[in-house]
Amino acid sequence: MTTAIQPPYGSGLAWLAQAGPLIAGFGAGLAYVDDRLSWLAWVALVPLGWAWSHGSRSTPLAAAFLGGIIYHGMALSWLRSCYADGPEWFGPQAPAWLAISIIGAAFFVLMCCYGQYLVRAVRLPATVALPLAWL
């Protein structure tokens, strides 16, 4: 007799645990890039907090890394055309832009791991753990 292992949350929303870091990175990046979208800063991390508080065993590290690359790539997009002679999309600083975005993505992964720890071990609600982990 075998029993199927049920996910800790409904299968209809299981994708949110996988996509939460990507949605958070993209929303925070949009809030940083455009002043008219600054309101997104208040809600960009909600999918990530929802996944933490609704039984996600762990944030997928690959998704957290990609979310960090998306966020830092958008936030530091001004670096890619720095010191360019014309309206080039990729200037001489583009390798530095990519390198700093990748290094910054590691901090996004650490934020996700620390937030999971605060929710699981310390038993803080996600509404408290997420801002603490972000800071």
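User: What makes His72 count as buried?

Analyst: Keep in mind that this is a predicted model. His72 has a relative accessibility of 17%, and buried means under 20%, so His72 counts as buried. The residue lies in helix 3 (residues 61-75). Leaving aside neighbours within four places in sequence, His72 is in contact with Trp97, Ser101, Gly104 and Ala105.

User: Then why is Leu132 called partly exposed?

Analyst: Its relative accessible area is 45%. Buried would need under 20% and exposed over 50%, so Leu132 ends up in between, as partly exposed. You'll find Leu132 in helix 5 (residues 126-134). Not counting residues up to four places away in sequence, Leu132 touches Tyr114, Leu118 and Leu124.

User: What makes helix 2 oblique to helix 4?

Analyst: The axes of helix 2 (residues 46-53) and helix 4 (residues 94-120) come within 10 Å and cross at roughly 45°. Under 35 degrees would be roughly parallel, and roughly perpendicular runs from 65 to 115, so helix 2 is oblique to helix 4. The crossing is right-handed.

User: Which residues of helix 2 and helix 4 meet there?

Analyst: From helix 2, Leu48, Ala51, Trp52 and Ser53 meet Met111, Cys112, Gly115, Gln116, Val119 and Arg120 of helix 4. Sorted by class, that contact has six nonpolar, three polar and one charged residues.

Conventions:
Residues numbered from 1 in each chain as written. Predicted model: local features only at pLDDT ≥ 70, side-chain atom pairs only at ≥ 80, totals over all residues. Heavy atoms only, no water. Axes fitted to C-alpha atoms, helices over the stretch in contact; angles between N-to-C directions. Helix = DSSP H or I, 4+ residues; strand = E, 2+ residues; numbered from the N terminus. Parallel < 35°, antiparallel > 145°, perpendicular 65-115°, else oblique. Left-handed = near helix turned anticlockwise from the far one by under 90°. Contact = heavy atoms within 4.5 Å. Nonpolar A, V, L, I, M, F, W, Y, C, P; charged D, E, K, R; others polar. Buried < 20%, exposed > 50% of the residue type's maximum accessible area, 1.4 Å probe, protein only.
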